[in-house]
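Some labels in a structural description rest on a value and a cut-off.

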Amino acid sequence: MKICVTSKGAGTDSLVEERFGRAPYFVFVDSGSGKSDTIENPLLNESGGVGPRIVQLIIKEGADVVITGQLGGNATTTLQASGVKVFSYGDNGTVADAVAKFEEGKLRQMI
Amino acid sequence: MKIVVASGKGGTGKSTVAANLAYSLLDRHPVTLVDCDVEVPNLHLFFDSEPETRDVFTTIPKVDTDLCTLCGDCGNFCRYGAIAVLKDRVLIFEKMCHACGGCMIVCPEKAISETPYPIGLVEDSNPLSGLRLISGFLKEGEVLAPRIIRSAKEMAEDDEIVIIDSSPGIACPVIEAMEDTDFCILVTESTPFGLHDLDLAVGVTKNLGLNTGVVINRSDGSDEEVRDYCAEADIPVLMTIPFDKEIASVQNKGGLISERMPGWKEQFACMYDECLRIGGVGI
């Protein structure tokens, strides 16, 4: 299973970013192997319409689960239709911590 | 002659100036007043009438699911995020679409066509002899104000004297209202905010190469800063409307000072002549 975590930096040691579409980075973690890849947000400076476009990017990367803080309206609509599950993390911790809490079943499911 | 009334700062008195200017010219020529402040049009409050209504549409993409292969080209192309291509379907966000048609062009399967989508309406009326009032109304929640503004202006295209009331600020709707006009009246007030936003608006009219004059509204008599600014920017101050209880009282009742108070009709007509002179236009 591939988990996408919105983050402030590259790699699993960086802090989780609360915002979804405006997150500077997306860290993709493979729950089986624990390996991770980071993608820089290409739409950080766009004026609008970021939410649905980021969802498409995440789907293209093959994510099954998203962990983030908050979702906007259009991102919510798109994620709901996409079948990707979304979990909320608000502990101000690292990507690794978010993934660990998710695997322990401690995160609240938003979608 | 097409005159646009703009301001930069909101609440300076654009609609007051536009409505009075239009009224003051009716003795000598028919006038068309176009309310292009389509998010909150208000000129109809000055003039009672029974308008004819016309819906305004934009177009949004429609995907033929039999032809679509979910390749994602349209979603990647749309910089407004109006199309999201998912694993098993395509989502369209109508309110985010700018109707550019790009998705139709990039689709390799020709699976996308356009379908009309209503975003507002335009009202057309004759509230007074010689006065035509065209008002644009953008539907709540919609964002494509320039589309409504274009429709409203198109209706007045063949009219000789057209006065356009724009929205505040200097964003797309204001640029759309200013396009293809001969002169811009910028209404300001002698406050730091008024001057700051006047400067922004002047930047826009200079960029568009649009002849510009300033009206100082609610003047307390000490307008030196605005006057100095205008002198330096080489922009004439066309009129000063004082901060006056009687004027406020006429306005508060939805009245026009050019109709209810002596001298103002002549002053507004005189200002129009000055706009003609500076704009170098015949009528």
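Q: In this predicted model, what makes helix H1 (residues 50-60) of chain A and helix H2 (residues 73-82) of chain A roughly parallel?
A: Their axes come within 7 Å and cross at roughly 30°. Angles under 35 degrees count as roughly parallel, therefore H1(A) is roughly parallel to H2(A).

Q: Which hand does the crossing of H1(A) and H2(A) have, and which residues make the contact?
A: H1(A) passes H2(A) in a right-handed crossing. Gly51(A), Pro52(A), Val55(A) and Ile59(A) of H1(A) touch Asn74(A), Ala75(A), Thr78(A), Leu79(A) and Ser82(A) of H2(A). Five of these residues are nonpolar, four are polar and none is charged.

Q: Why are H1(B) and H10(B) called roughly perpendicular?
A: The axes of H1(B), residues 14-25, and H10(B), residues 264-279, cross at roughly 95° and come within 8 Å. The class roughly perpendicular covers 65 to 115 degrees, so H1(B) and H10(B) belong to it.

Q: What residues meet between H1(B) and H10(B), and how do they divide by class?
A: From H1(B) come Val17(B), Asn20(B), Leu21(B), Tyr23(B), Ser24(B) and Leu25(B); from H10(B) come Trp264(B), Lys265(B), Phe268(B), Ala269(B), Met271(B) and Tyr272(B). The division is nine nonpolar, two polar and one charged.

Q: How do you know whether Gly280(B) is buried or exposed?
A: Gly280(B) lies in the segment after H10 of chain B. Exposed means over 50% relative accessible area; Gly280(B) has 66%, so Gly280(B) counts as exposed. Its C-alpha atom is 9.5 Å from that of Phe183(B), 97 residues apart along the chain.

Conventions:
Residues are numbered from 1 along each chain as its sequence is written. Chains are lettered from A and ligands numbered from 1 in the order in which they are written. This is a predicted model: local features need pLDDT of at least 70, side-chain atom pairs count only at pLDDT 80 or more; totals for chains, interfaces and linings use all residues. Side-chain values use heavy atoms; hydrogens and water are left out. Axes are lines fitted to C-alpha atoms, for helices over the stretch in contact, and angles run from 0 to 180 degrees between N-to-C directions. Helices (H or I, at least four residues) and strands (E, at least two) are DSSP runs, numbered from the N terminus. Angles under 35 degrees count as roughly parallel, over 145 as roughly antiparallel, 65 to 115 as roughly perpendicular and the rest as oblique. Contact means heavy atoms within 4.5 Å. Ala, Val, Leu, Ile, Met, Phe, Trp, Tyr, Cys and Pro count as nonpolar, Asp, Glu, Lys and Arg as charged, and the others, Gly among them, as polar. Buried means under 20% relative accessible area, exposed over 50%, partly exposed in between (1.4 Å probe, protein chains only). A crossing is left-handed if the near helix is turned anticlockwise from the far one by less than a right angle, and right-handed if clockwise.
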